[in-house]
Amino acid sequence: MLFNSIDFAIFFPIIFILYWFVINKKLKYQNLLILTASYIFYGWWDWRFLSLIFFSSIVDYCVGLRLNKIDDKKKRKILLAISLLANLGLLGFFKYYNFFIHSLVDSFAVMGITLHKSSLNIILPVGISFYTFQTLSYTIDIYRKKLKPTKDIIAFFAFVSFFPQLVAGPIERAKNLLPQFMRTRSFVYEDAKDGLRHVLWGLFKKIVIADTCAIYADKIFSTYDTANGSMLVIGILCFAVQIYSDFSGYSDIAIGTARLLGFNIMRNFAYPYFSRDIAEFWRRWHISLSTWFRDYVYIPMGGSRCSKLLRIRNIIITFTVSGLWHGANWTFVAWGFLNGIYYIPIMLLNKQKSHSDQVAEGKLFPNIREIIQLASTFFLTLIAWVFFRAPNIETAFLYLNRMFSKTLFTWPRLEPDFIWLLILPIIEWFQRDKLHPLQIDKLHISLRACIYLVLAMLILFYCDRNNQAFIYFQF
Amino acid sequence: MKKFLIKVLVYSALFLCVNFLFGQLLKLYRTHLIEAKKFNPPIKWEEFYTTEAQTIDIVFIGSSHCIRSFDPAIFDKITSLYSYNLGTPGQSPTTSYFVLKEVLRFHKPKIIIQEISFRGFSAKNQLVNGGYNFDFMKISRNKLDFFFNGFKFSESLTFLFPSFRFRNNLRYVINYLYTGKKVKKSKEDTYKGKGFMSRNHSVTLDELKNNNIYEKKAFNASKLNKNRLKYLEKTVNLCKENKIQIIWVTAPLPKITISKIRHGSKIYPFFKNLADQYRVPYINYYADKKVKFIDTSDFQDTHHLNRNGAKKLSTDLAKRILEYLDN
């Protein structure tokens with residue numbers, strides 16, 4: 001079920017009413033309802049893949065309980081390996097089997113050895129990368145004795161499959177989300193109000209901005225070999241805005257719907273394009289995934305508490321694996337690797353946290369130095385997005401080659417829809433100190449009502465543009 | 001919770017009101033902004049309702065091919081009866097069924113000519129073609145049936161959101177508010193009365209060959225919309241119940257256009273087979289060579305007859321249906 005579908009527009013109010021009016025304050029039933037709703041939500045796409053969520057949940061539930069009872073290090077390691085094998089095995093099979101087989105055959109072909117390609121027609125289960133990582137964090141945290149396992153099977157299953165963030169995150173930590181399933185939720189007006197605003201802003205970003213930019217990004221990327229360099233710049237700008245609006249829009253709706261049910265899930269985006277260096281960008285972009293990789297990949301490898309060479313290795317591995325997490329294609333690997341390369345100088349200069357505040361804090365506009373920093377960071381991200389969006393590495397290089405040709409200085413063909421490329425950053429700039437731009441309590445009620453109505457009308461006007469699925473569903 | 005629900009309700013009501021008012025503004029495009037009222041559905045329904053009850057003998061239903069092929073004036077002259085064309089752009093068999101039911105509320109026709117075009121069974125958009133009729137029908141039980149059965153649930157929902165339904169008119173309305181100019185349609189395209197639209201223009205060979213909208217069209221019997229086929233059968237049954245002779249007619253297409261449709265040769269056998277099954281007379285003007293239509297003088301575009309072509313077809317068809325009247 002898509003957040004931007006009529007199905008969800010009917011589904012969610014029914015769940016909301018049942019949740020708060022029929023079984024209000026009965027914790028067990030609230031969790032049971034969430035679990036049922038989550039399985040319906042996921043099964044709407046393909047009920048057969050519910051078995052994978054069920055399998056992941058039962059394995060980690062049992063492993064978690066067992067880990068708590070055993071002190072023997074060897075046995076604990078075996079138990080953790082079972083969980084890792086089960087979860088990463090499923091992920092590897094469904095997401096990477098064909099990729100690895102093809103890559104293996106191709107690399108043998110380079111050596112002159114011909115192998116038979118035996119690819120399988122595998123459907124990628126929606127959201128598998130998200131719930132796999134979420135449930136993995138549970139067992140790893142228990143293994144590290146940072147978390148106590150739960151005996152409440154309903155609560156645990158509901159935590160793994162919690163529908164607002166099941167298919168595209170944020171990837172929640174058990175430490176934050178699971179305890180919320182263990183205590184009675186009661187309706188808080190301020191939370192619900194903010195939840196609705198989150199949903200409205202998320203829908204606006206997805207339906208009005210992301211889906212509009214998608215039309216032009218797709219068009220320009222498919223005709224890159226004949227387009228002018230200036231048009232290719234617009235193409236990658238459109239994609240940058242598309243992927244941000246699409247994914248952060250999803251996260252906003254997820255956070256909003258969770259809030260409406262009395263849950264607080266983590267922030268996933270913090271205006272990433274207003275970053276002054278790549279380290280800051282990664283603290284603001286897909287926060288739940290970046291911190292996951294930091295805690296479960298980067299730090300266990302030694303993190304930054306080792307020699308320079310090892311630090312560089314750790315950074316490159318972490319970023320490359322995070323690229324591969326996005327999809328079974330060398331383009332994602334290249335994208336991750338490139339970001340790793342961007343990160344190394346900052347790390348070597350020990351300036352990872354030099355921009356931990358808000359850009360131009362307390363000021364209306366940034367100064368010249370900040371403008372240069374913002375522009376250069378954005379430029380680097382744009383270059384990386386070319387690899388992310390291109391169907392293969394060769395196309396990415398051809399795209400860049402053509403973009404930086406003489407035609408870069410020709411006037412591009414501008415479309416009225418490009419106005420969204422400006423409107424979104426303008427709105428976000430002036431609201432960058434807020435959790436989301438619709439935190440507008442200080443405005444007069446009539447002005448607020450006008451803003452809500454304008455956004456709702458825009459969503460209505462744009463909502464039939466192919467009803468596109470969220471990009472991150474495929475990851 | 002109470003405060004939250006009240007606020008949600010107030011905002012929802014406000015949103016519905018704004019959407020409704022704005023939608024009405026956008027809707028005006030269809031009746032007020034097209035120059036010389038060339039958008040025919042509201043005109044033909046208005047004329048239909050002002051026609052004296054129990055006077056219409058022959059009714060034409062179907063798509064734009066119906067509107068532009070069957071000239072009631074010629075039929076009236078040859079048959080000495082009263083005919084009326086209720087074809088509308090893209091009218092699907094589903095919509096035709098409810099149009100016919102609306103006709104039967106006021107009239108007892110002797111003959112129904114249903115125009116059969118394979119695209120009416122494959123085109124997805126029921127909302128637009130259905131809306132062309134639904135919006136201008138009088139409130140009745142039939143209209144309610146049309147609303148609940150003629151549209152998919154998601155399509156029915158859009159009636160609650162006129163701003164969404166008529167969103168494509170926004171640029172015309174803005175243009176009108178800004179420049180004061182109405183939307184111009186072809187000067188030659190004129191409403192001739194009784195639902196018939198006509199145009200003198202002839203299509204060029206270049207347009208037929210190089211700018212033909214049928215270029216990528218294909219006929220695939222297995223992909224025809226089953227629900228629409230069901231409504232075609234329902235229309236036949238409705239006529240039988242009311243002892244009305246129904247005749248299926250497929251309007252001619254330019255030879256160049258036919259040659260561009262993939263598996264075009266399968267269209268006639270498919271509908272002929274269906275007609276035989278339902279015992280409905282079927283005339284297909286591009287399979288039937290009795291009347292010769294010339295690509296560059298009888299068609300206004302790649303698939304519609306012009307005034308000349310419509311005259312040829314109407315004269316022939318009117319003569320042919322005389323035998324059904326005699327029986």
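Analyst: Let's start in chain B, where E215(B) and K260(B) join their side chains in a salt bridge, with N and O 3.2 Å apart. E215(B) sits in the loop between α12 (205-210) and α13 (226-241) of chain B, while K260(B) belongs to helix α14 (residues 255-260) of chain B, so this pair ties together parts that are 45 residues apart in sequence. Keep in mind that this is a predicted model. How accessible is E215(B)? Its relative accessibility is 38%, so E215(B) counts as partly exposed. K260(B) has 18%, and because the cut-off for buried is under 20%, K260(B) falls on the buried side.

Over all chains, the structure holds 28 salt bridges. One of them is K206(A) with D246(A), whose closest N and O atoms are 2.9 Å apart. That pair also links distant parts of its chain: K206(A) is in helix α8 of chain A and D246(A) in helix α9 (residues 229-260) of chain A, 40 residues apart. Both K206(A) and D246(A) are buried.

Then there's E415(A), which forms a salt bridge with R413(A), the closest N and O atoms being 3.3 Å apart. E415(A) has a relative accessible area of 24% and is partly exposed, whereas R413(A), at 54%, counts as exposed.

As for the general idea, side chains of opposite charge can pair when their charged atoms come close.

R284(A) is in helix α10 (residues 278-284) of chain A, and its side chain reaches the backbone oxygen of D357(A) at 3.5 Å. Why does R284(A) count as buried? Because its relative accessible area is 9%, and the cut-off for buried is under 20%. Leaving out residues up to four places away in sequence, R284(A) touches a list of residues that includes N268(A), F269(A), Y271(A), P272(A), D357(A) and Q358(A).

Back in chain B, there are two loop residues to look at. Q54(B) lies in the loop between α2 (40-50) and β1 (58-61) of chain B. With a relative accessible area of 55%, Q54(B) is exposed. Apart from neighbours within four places in sequence, Q54(B) is in contact with F106(B), H107(B) and K108(B). With K108(B) there is a polar contact too: a polar atom of the Q54(B) side chain lies 3.2 Å from the backbone nitrogen of K108(B).

S117(B) is in the loop between β3 (111-115) and α6 (119-122) of chain B. At 13% relative accessibility, S117(B) counts as buried. S117(B) touches S63(B) and H65(B), again not counting residues up to four places away in sequence.

Now for where the chains meet. 22 residues of chain A are in contact with 21 residues of chain B. Between them the two chains bury about 1900 Å², 85% of it on carbon and sulfur atoms. On the chain A side, Y189(A), L460(A) and F461(A) lose the most area to chain B, together 33% of what that side buries. The interface does have one residue pair in polar contact, both residues being at pLDDT 80 or more. α1 (6-22), α8 (189-222) and α17 (445-462) of chain A are the elements giving two or more residues to the side that touches chain B. Of these, α17(A) gives the most, with nine residues. By type, the chain A side has 19 nonpolar, no polar and three charged residues.

In chain A, 25 residues of domain 1 are in contact with 18 residues of domain 2. The two domains of chain A bury about 1800 Å² between them, 71% of it on carbon and sulfur atoms. In domain 1 of chain A, P164(A), A168(A) and P170(A) lose the most area to domain 2, together 27% of what that side buries. Across this interface of chain A there are zero salt bridges, but there are four residue pairs in polar contact, with both residues at pLDDT 80 or more.

Notes:
Residues are numbered from 1 along each chain as its sequence is written. Chains are lettered from A and ligands numbered from 1 in the order in which they are written. This is a predicted model: local features need pLDDT of at least 70, side-chain atom pairs count only at pLDDT 80 or more; totals for chains, interfaces and linings use all residues. Side-chain values use heavy atoms; hydrogens and water are left out. Contact means heavy atoms within 4.5 Å. Buried area is the accessible area (1.4 Å probe) that two parts lose on being put together, summed over both. A polar contact is a pair of N or O atoms within 3.5 Å; within protein, one must be able to donate a hydrogen and the other to accept it, and residues adjacent in sequence count only if both atoms are side-chain atoms. Helices (H or I, at least four residues) and strands (E, at least two) are DSSP runs, numbered from the N terminus. Ala, Val, Leu, Ile, Met, Phe, Trp, Tyr, Cys and Pro count as nonpolar, Asp, Glu, Lys and Arg as charged, and the others, Gly among them, as polar. A salt bridge is a side-chain nitrogen of Lys or Arg within 4 Å of a carboxyl oxygen of Asp or Glu. Buried means under 20% relative accessible area, exposed over 50%, partly exposed in between (1.4 Å probe, protein chains only).
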